[in-house]
Amino acid sequence: MARFEIKDEFYLDGKPFKILSGAIHYFRIPEEDWHHSLYNLKALGFNTVETYVAWNMHEPTEGKFNFEGNLDLERFLQIAQDLGLYAIVRPSPFICAEWEFGGLPAWLLTKNMRIRSSDPAFIEMVGRYYDQLFPRLVPRLLENGGNILMVQVENEYGSYGEDKAYLRAIRRLMEERGATCPLFTSDGPWRATLKAGTLIEDDLFVTGNFGSKAAYNFSQMQEFLDEHGKKWPLMCMEFWDGWFNRWKEPIIKRDPKELADAVHEVLELGSINLYMFHGGTNFGFMNGCSARGTLDLPQVTSYDYDALLDEAGNPTAKYLAVKEMLATYYPEYPQLEPLYKESTKVEAIPLAEKVSLFATLDSLSSPIESLYPKKMEELGQSYGYLLYRTKASWDAEEERIRIIDGRDRAQLFVDGKWIATQYQTEIGEDIFCQGKKKALSNIDVLIENMGRVNYGHKFLADTQRKGIRTGVCKDLHFLTDWKQYPLPLDHPEKIDFSKGWTEGQPAFYAYDFDIKGPKDTYLDLTEFGKGVAFVNDHPLGRFWNVGPILSLYIPHSYLHTGANRIIVFETEGNYKEHIHLTDKPTQKDIKGENL
């Protein structure tokens, strides 16, 4: 029976062991490409893969679990083991990861509880989730014949709270369900976060997260360990080799040679987990969101991260630089030739069909009626769009409408005509509408949930509850008698293209094309405004012409030999008669300093 121990060093079967790990999130990469990415990790000379476990993917609806297909964590771990890779699994309730709501399921927002705390109601929800998860993990612990070395209790909790009873409760849930392997926490390397976010006083292993200055950051961690009399090895659980991107901001890059030197500095002093080794994609509506002051700043669909593998999983200049460094200084770690996938382009794919959202609304959603508008979560919806509809008569030729307390982006239509778009700080401002006195009009408000925050204090903020949270005022009074149409857009096959299309309205556009052999490609959306796209009913994610990325990655496994269909949902009234697939991402040059 294999054995992994944490003493003055890491020991594997009694021998000192340095962890060379890379982060690959199985839920961000099509299952058909898991082997490709894991093989390239092994080929670099690394010995371990690290992955988060996203609770909101495995329990999208309370009590309904999914561990199949692209969420088959067990198969991902088995592929890694077959390649000779060990694993670090991080199934904390919270994962951050620039992932929607930090991996927490949105339905928790309907509960009377304080999340990420020792509130018994929250701990009970985590326990029910772990009842499903840990029977799948425990057989794969190293001591049970699997490849899992250790498991994380919580993630950067010292950057959020200091509720030690909460940390102890999560640890207890894991141990009660058979997690007999070493457990750990990961936090910022300075004393304040380590003091708040660890259980060092309970002998729980401590790791740190940083992306540079390894000697200095490890010295801070060592000082904390010495303070508590712990002679443990040093490990950077997240060495940030790149960074994520947000809308309207320049793409962040890091020099490959500088990164290789920084990784060498870590390895001279301890063990490493590269975050990310392969970033992948925030498919669908799963991008996270940063919190800055009063603003929420959503991240883009691509999670390329400027990582060692690009979004498609192919080695980058960083990969080659780190590989050369390892061959020079650590020749004891065997390397292999990496794998590369081909990409392709397809020109001038013609528009086949189009239909306005309002025309096909009834085929996509059934209305829920209420006196006042309800929040998205109250309607049993977690992600996507939500259309609010009511009727009102005009009391003057010009009237003022205000959307009170809406999240995140609102578009107002009167009798099908676009009137205004508001976003965050603009929502609530006056919108003046022209109308015929005493005439009755349809009023529609299309709300987009652009992603919940994944890090920081705003987990408890009401801003994470989406939709119209208070109401809509005409003149000085709130309008009543609303119909709400949930639009998670999880069934694009229900779009009825036989209905009509009206210029300037949100609409669906279908493009059909044939290919001989599927290869990775990118959907160029330069000429479109804002929305989401699908290929063969697979959600590709969001696009927005503000940049910095103007395309969406299409994995080869989402395509068919022969006929294929792309559907674009566009909310700004912009579309093209032809679209193009490119062999590399399309980017917008946004001026700013790259890091």
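This is a predicted model: local features need pLDDT of at least 70, side-chain atom pairs count only at pLDDT 80 or more; totals for chains, interfaces and linings use all residues.

**Entry 1: domains**

I looked up the division of the chain first. Domain 1 covers 4–243 + 251–278 + 310–330. Domain 2 is made of 346–355 + 491–582. Domain 3 is 357–487.

**Entry 2: domain 1 against domain 2**

How many salt bridges does the rule find across the interface of domain 1 and domain 2? I got zero. Polar contact is there, however: the rule finds two residue pairs across this interface, both at pLDDT 80 or more. Three are nonpolar and three are charged, with no polar residues.

Next I took the area. The two domains, 1 and 2, bury about 620 Å² between them. Carbon and sulfur atoms carry 59% of that. I also checked the separation: the centres of domain 1 and domain 2, taken over C-alpha atoms, are 35 Å apart. Six residues from domain 1 and nine residues from domain 2 make the contact.

**Entry 3: α1 on α9**

I turned to a helix pair. Two packed helices are described by the angle between their axes and the distance between the axes. For helix α1 (residues 34–44) and helix α9 (residues 317–329), I read an angle of about 35°. Their axes lie 10 Å apart.

Which residues of α1 meet α9? I listed Asn40, Ala43 and Leu44. Their partners in α9 are Tyr319, Val322, Lys323 and Leu326. By class, I put down five nonpolar residues, one polar and one charged for this contact.

**Entry 4: backbone**

I looked for cis peptide bonds. One runs from Tyr275 to Met276, with omega near 0°. Met276 sits in strand β11 (residues 271–278). Another runs from Arg407 to Asp408, with omega near 10°. Asp408 falls in the loop between β17 (398–407) and β18 (409–414).

Last, I checked phi. Asp13, a residue other than glycine, has a positive value near 50°. I placed Asp13 in the loop between β2 (10–12) and β3 (15–16).

Note on methods
Residues are numbered from 1 along each chain as its sequence is written. Side-chain values use heavy atoms; hydrogens and water are left out. Domain bounds come from an automatic or database domain assignment. Contact means heavy atoms within 4.5 Å. Buried area is the accessible area (1.4 Å probe) that two parts lose on being put together, summed over both. A salt bridge is a side-chain nitrogen of Lys or Arg within 4 Å of a carboxyl oxygen of Asp or Glu. A polar contact is a pair of N or O atoms within 3.5 Å; within protein, one must be able to donate a hydrogen and the other to accept it, and residues adjacent in sequence count only if both atoms are side-chain atoms. Ala, Val, Leu, Ile, Met, Phe, Trp, Tyr, Cys and Pro count as nonpolar, Asp, Glu, Lys and Arg as charged, and the others, Gly among them, as polar. Axes are lines fitted to C-alpha atoms, for helices over the stretch in contact, and angles run from 0 to 180 degrees between N-to-C directions. Helices (H or I, at least four residues) and strands (E, at least two) are DSSP runs, numbered from the N terminus.
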